[in-house]
Every structure is written in C-alpha cells, then in structure tokens.
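Here's a quick briefing on one residue's surroundings and the strands around there. Have a look at the model first, then read on.

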Amino acid sequence: MQRYEAILLLAAPLSCAGCFTTFDTGCHHTATGCDFDGDGVNNEVDNCPQDSNPDLADADGDGMGDACDPCVRTKCFGINCNECPGPTERCDEQARDCLDDCANRECGPSPVMQFNCGTCPQDDTYCSEGGVCLASCEGIECGPSPGDGSDCGKCQGTTEWCDSTGHCIDDCLNREYGSSPNANYDCGECPGATDWCNSQGHCLDDCDGMECGSSPNADYDCGECGEFEFCSETFQCECTAEPCGDLCCDTGEICHPLRLACIDGRPAVIETPTGSEPDSFGFAVAIDGDYLVVGAPYADTPRQSDL
Ligand SMILES: [Ca+2]
Ligand SMILES: [Ca+2]
Ligand SMILES: [Ca+2]
Ligand SMILES: [Ca+2]
C-alpha cells in the first residue's frame with residue numbers, strides 16, 4: 001500500500017503596511033493619514049478617496065464628489081437617479097433632492113404622491129386639510145364635526161352659509177347687488193334707473209357714455225334725441241342738418257353766427273361801400289331782423305380809419 005504524507009501549509013498572518021490596513025482576508029486602503037488617489041487630499045476628507053479630484057467639487061452637495069457621484073446633479077440615487085430612502089420620500093426634480101411628502105403632516109394623504117401620512121388616533125379627532133389631527137370641533141365653525149359628528153355651531157350672518165369644510169362664508173362678500181353665487185341670497189338691488197348687476201354683483205350704468213339708443217347689456221332705453229337730431233352709431237345725438245350752439249337747425253336753415261339762432265336764408269352782411277381797404281365805412285346801413293347797423297366813419301380816431 002502506498003502511503004501519502006499530508007502536508008499542511010499554514011498561511012502566514014497578513015501584514016499590511018503604510019496606507020493599507022488588515023481587514024478580513026486582505027489589505028484595504030482604509031488607514032488614516034493617507035492619500036490613496038494621490039490628489040493631495042487625505043482619505044478622511046476626500047469626497048472621492050479613489051478618484052483624483054483636488055478641487056473636491058460636489059455640485060449637488062450630497063457629500064459625494066462629482067468625480068465619483070453616480071448621480072452628479074441630484075441627491076436622489078438609483079439607476080435612474082430617482083430613488084429616495086424614506087418610505088414617504090419622493091425625488092423632486094426641481095429641488096434635486098429627496099423631499100418628505102408627509103413633512104409636517106400627521107394624517108391623511110400627502111399633497112403630491114398621496115402617501116398615507118397616518119390615521120388619527122381617536123373617534124373624536126379628525127384629520128384637518130393640513131394633515132394635522134384636531135379635536136372634535138377644533139378649527140370648525142359650523143355643521144357637524146368631521147370627527148365624532150357633534151354639532152359645531154351655526155353661522156350668524158343673514159347671508160352666511162356653512163361650506164363643506166365647516167366654515168361660514170358670507171355669500172354676499174364683496175357683492176353689493178344681485179343674487180349670491182352659492183346660496184342665492186339677495187345681496188341688494190341696483191339703485192340707478194339704468195343700472196344693471198353684473199356677474200360679480202356690482203352695479204354698472206348700462207347707459208354710461210350713451211345719449212340715445214338701447215343699452216348693450218340690459219336693453220334699457222338710454223334716451224331720445226331732440227328735434228332735427230338722429231342717434232349716431234356711437235349712440236350720440238347729432239344734428240340732421242346744421243348745428244347751431246345747443247340747437248340743430250332744420251334742413252334749409254342757417255345758423256346765425258351772432259345770435260346762435262336758426263334763420264331762413266343768409267344773414268345780413270355789412271360791407272363798406274366799395275368792399276375794399278382803405279375805405280370809409282360809415283355810409284353803409286344793414287338791417288337784419290330787429291338789428292340795424294350804421295357805420296361810424298373815423299370813430300376809432302386817432303387811426304382815422306374804418307370802423
Ligand atoms: Ca485623495
Ligand atoms: Ca479624491
Ligand atoms: Ca455629489
Ligand atoms: Ca448625487
């Protein structure tokens with residue numbers, strides 16, 4: 001029979017030196033006071049101990065240098081750089097960070113991801129819109145408590161109503177007239193004869209800037225035009241013939257420029273005897289209705305000229 005001699009070779013204990021320390025079965029670059037990547041920054045303060053990055057640039061401020069950060073632009077992580085550690089955290093692209101969607105919320109769904117942020121502990125508490133557990137009628141003005149259903153009160157104002165969140169709303173708030181939007185309270189009547197109530201509950205003069213014609217919104221009659229007038233496209237009364245001060249002349253009439261009255265035919269015109277200058281105005285006489293005009297030669301002395 002052949003005999004075999006077993007030889008047991010025992011490995012010598014590892015002896016790591018310099019920047020290497022013993023860990024498990026090998027030497028690792030974990031020793032302090034060393035600069036493994038040779039970038040001039042020791043391992044303890046190097047945000048990429050195995051990648052040379054002397055400037056330690058860290059664009060997203062997550063502690064991992066740009067040279068070794070797999071997600072350089074965000075503090076989120078994962079293959080698609082959109083994972084977060086907390087169960088109610090979400091990766092916010094704008095913030096480039098993980099945000100807790102339940103931050104400052106005790107209960108109810110979170111605002112963005114609709115995580116369940118918790119349940120209120122007792123029947124007489126309820127979860128407010130802000131995600132905080134409140135006692136029975138705390139923060140509720142009217143109607144039944146969302147917690148235990150107890151009566152939280154009634155609204156006091158004559159035009160107030162209780163909305164679905166248990167708050168009293170003045171349905172005529174900022175409205176002067178017309179019906180209120182939710183509960184159809186009468187908020188008032190418009191005072192003016194040609195006023196109308198617009199959809200915001202404010203009175204507008206529907207004939208504002210109009211002398212005549214029908215108003216555009218409520219079909220009010222905005223006025224009649226006077227004699228020898230018509231209603232223009234801009235709803236102003238204009239003369240059908242010649243205007244004369246505050247009047248309108250009839251067709252064929254002329255406005256007397258001094259009397260501002262409508263007359264038939266051309267008014268009298270006073271002329272010098274020759275109708276040219278220099279001339280001695282004083283020999284002319286003109287009659288126009290009740291007016292008689294006689295020239296006064298040399299009356300404006302020392303000019304010694306015509307009237
Ligand atoms: Ca280094
Ligand atoms: Ca480095
Ligand atoms: Ca980083
Ligand atoms: Ca990062």
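Leaving out residues up to four places away in sequence, Glu83 touches Cys76, Phe77, Gly78 and Cys91; a touch here means that the two C-beta atoms, placed from the backbone, lie within 7 Å. Bear in mind that this is a predicted model, where local features need pLDDT of at least 70, side-chain atom pairs count only at pLDDT 80 or more, and totals for chains, interfaces and linings use all residues. Residues are numbered from 1 along each chain as its sequence is written, while chains are lettered from A and ligands numbered from 1 in the order in which they are written.

**Around Glu83**
- Glu83 sits in the loop between β2 (26-28) and β3 (89-92); strands are DSSP runs of E, at least two residues long, and helices are runs of H or I, at least four, numbered from the N terminus.
- Glu83 counts as partly exposed because it has 14 other C-beta atoms within 10 Å (20 or more would be buried, 12 or fewer exposed, with C-beta atoms placed from the backbone).
- Asp97 is 14 residues from Glu83 in sequence, and their C-alpha atoms are 9.8 Å apart.

- Strand β4 (residues 97-100) pairs with β3 in the antiparallel sense over four bridges; pairing takes at least two DSSP bridges between the strands.
- Cys91, one of the residues that Glu83 touches, has Cys98 in β4 as its bridge partner.
- Four residues separate β3 and β4 in this hairpin, and Arg96 in the turn has a positive phi of about 55 degrees.

**The whole protein**
- There are 18 strands and zero helices.
- Of the 307 residues, 13% count as buried.
- Of the contacts between residues at least 6 apart in sequence, 11% join residues at least 24 apart.
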